[in-house]
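I am opening a notebook page on this structure. I will go through it topic by topic and write down what I look up.

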Amino acid sequence: MRQGAHGIRRAVDRIDAATLPERDRAVDALRACAILGVVLGHWLVTALVADGTALHAASPLQHLPWLAPISWVFQTLAVFFLVGGHVATRGYRSARARGTAYRQWLTSRLSRLFRPVAAVLALWTVAATALLLTGAPFGTVRTLVKLALSPMWFLLVFGALTAATPLLLRLHPLWPLAVVLHVDLVRFGLGGPDWLGWVNLAAGWLVPYTLGAAWTRGELEGRRAGLLLLGGGAVATAALVAWAGYPAAMVGVPGAAVSNLNPPTLAAVTFGLAQCGLALLLRDRLRRGMRRPVAWAAVAVVNLSAMTIFLWHQTALMATTATGLALGRLPGLHTVPDGLGWVAARLAWIPVFVLVLAVCRSAFRSFEQGPRRVGGRTSRVIRVHRRTERAAVEEARRA
């Protein structure tokens, strides 16, 4: 065991040594937190209730609305768009300074974003076909496929914003925020059509993305910007929920008349501003924390498989649920999420979901990390990560 621990420690030190000194590790830490927040949030508020031979989706927020603060902690997409905007605009500026063509830069960025999608689509096409041919209820198959593919909307929006990065370098976040405000005013205040809300699918996520661009421009340095975003966003969100009738949950709740997320509402956007403010305030603390090799290695591993983790986490939940049906209706897995007993049982299932997701990551991470090359050679960070990970495993086995 000592040799195994020593091997892991050596792997951690190698990952730390392979990281360029000028890399802002706080950016990677924020991205990892955002991805893991979404994953844990979905696992906590998504239930598949067994009703005879069928499964249907439910949420504890339907039955226990006082659990809405869970969504405040784990709905972290705004932080991901903040980081994405910062990294994309910084990367585009660097590529332009090197003389790299826009098409080459965009292809490089989008390839890793969308390459893992092929594996998810292929597996679920086969799985859905097999389920239907073996007599599974159509409603069950539809529920499973919808949950499995629901993360795709995020990739489409993020990809579109990435493609528009050259146009967004100087866009002030107040412009898309004003669009969201007017869309909601027309939709909710003046009785406008519901379809108008889908304008906010782009405008709503443009707000944190352009905040990331402002970060690149150096306009969000110091604590004042973070405090203003955190305080102003929190006060605005509280006012919208308390007096304007917006839902308290920052995720969609089955059966609810209005969803803050599908499409994004003004409350979701102001809440995202508060989250972005908090993220900016935590940058220095995260930079200090990431100096610890163990913490940095964990963040690096998550970032190297970020899209794989994001795309497969719902599949891990559903695979566990389907397998568990062989043992009957299990609490926290197949039962109605209508009490604290379900919450406690679901928390107990989280380690199982993590284990199944780890298996999915091992099986499909090559689609994300595949032919990632720099100057005709595999990226140094990827190369060192793979070598040290294998070395740690081999040394642990010999122990």
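This is a predicted model: local features need pLDDT of at least 70, side-chain atom pairs count only at pLDDT 80 or more; totals for chains, interfaces and linings use all residues.

**Salt bridges**

The side chains of Arg-217 and Glu-219 form a salt bridge, at 2.8 Å from N to O. I looked up the cover on both ends. Arg-217 is buried, because its relative accessibility of 16% is under the 20% cut-off. Glu-219 has a relative accessible area of 43%, so I log Glu-219 as partly exposed.

I also noted a network. For the whole structure I have seven salt bridges.

Next I took Asp-16. Its salt-bridge partner is Arg-25, and the closest N and O atoms are 2.8 Å apart. Asp-16 is partly exposed at 21% relative accessible area. Arg-25 is buried at 15%.

Then I turned to Asp-24. Which residue does Asp-24 form a salt bridge with? The partner is Arg-287, with the closest N and O atoms 3.0 Å apart. I checked where the two residues sit. Asp-24 is in the loop between helix H1 (2-18) and helix H2 (25-45), while Arg-287 is in helix H14 (residues 283-289), so this pair ties together parts that are 263 residues apart in sequence. Asp-24 is buried, with 18% relative accessible area. Arg-287 is partly exposed, with 27%.

**Thr-216**

I placed Thr-216 in helix H11, which covers residues 200-216. Is Thr-216 buried or exposed? I have Thr-216 as buried, because its relative accessible area of 18% falls under 20%. I then listed its contacts, leaving aside neighbours within four places in sequence. They are Gly-85, His-86, Thr-89, Arg-90 and Arg-93.

**Leu-273 and helix H13**

Leu-273 belongs to helix H13. Its relative accessibility is 12%, so Leu-273 counts as buried. I looked up what it touches, not counting residues up to four places away in sequence. The list is Leu-177, Val-207, Leu-211, Leu-229, Leu-230 and Gly-233. I followed up Gly-233.

Asn-262 and Pro-263 are joined by a cis peptide bond, with omega of about 5 degrees. Pro-263 sits in the loop between helix H12 (223-243) and H13.

**Tyr-102**

I found Tyr-102 in helix H6 (residues 102-133). Tyr-102 is partly exposed, at 34% relative accessible area. Setting aside neighbours within four places in sequence, I have Tyr-102 in contact with Tyr-92, Ala-163 and Pro-166. I also looked up one C-alpha separation. Tyr-102 and Ala-295 are 193 residues apart along the chain, and their C-alpha atoms are separated by 35 Å.

**The hairpin**

I moved on to the strands. In which sense do strand E1 (residues 47-51) and strand E2 (residues 54-58) pair? The pairing is antiparallel, over five bridges. For Val-49, I noted His-56 in E2 as the bridge partner. E1 and E2 make a hairpin, with two residues between them.

**A surface patch**

I looked for nonpolar residues on the surface. Leu-185, Val-186 and Leu-190 form a nonpolar patch there. Together they have about 280 Å² of accessible area. I placed Val-186 in helix H10, residues 174-189. Val-186 has 31% relative accessibility, so I count Val-186 as partly exposed.

**Confidence**

I left the scores for last. The chain averages a pLDDT of 89, and 91% of the residues score at least 70. Which element of the chain has the lowest mean pLDDT? I found strand E3 (residues 373-374), with a mean of 42. Helix H13 (residues 266-281) has the highest mean, 98. I also marked residues 372-399, where pLDDT stays under 50. For that stretch the model has 46 contacts beyond four places in sequence.

Technical notes. Residues are numbered from 1 along each chain as its sequence is written. Side-chain values use heavy atoms; hydrogens and water are left out. Helices (H or I, at least four residues) and strands (E, at least two) are DSSP runs, numbered from the N terminus. Buried means under 20% relative accessible area, exposed over 50%, partly exposed in between (1.4 Å probe, protein chains only). Contact means heavy atoms within 4.5 Å. pLDDT is the predictor's confidence in each residue, from 0 to 100. Two strands pair if DSSP finds at least two bridges between them. Patches are made of residues with over 30% relative accessible area and no salt bridge: like charges are joined within 9 Å, nonpolar side chains (Val, Leu, Ile, Met, Phe, Trp, Tyr) within 5 Å. Accessible areas come from the Shrake-Rupley method with a 1.4 Å probe; for residues, only the protein chains shown count as cover. A salt bridge is a side-chain nitrogen of Lys or Arg within 4 Å of a carboxyl oxygen of Asp or Glu.
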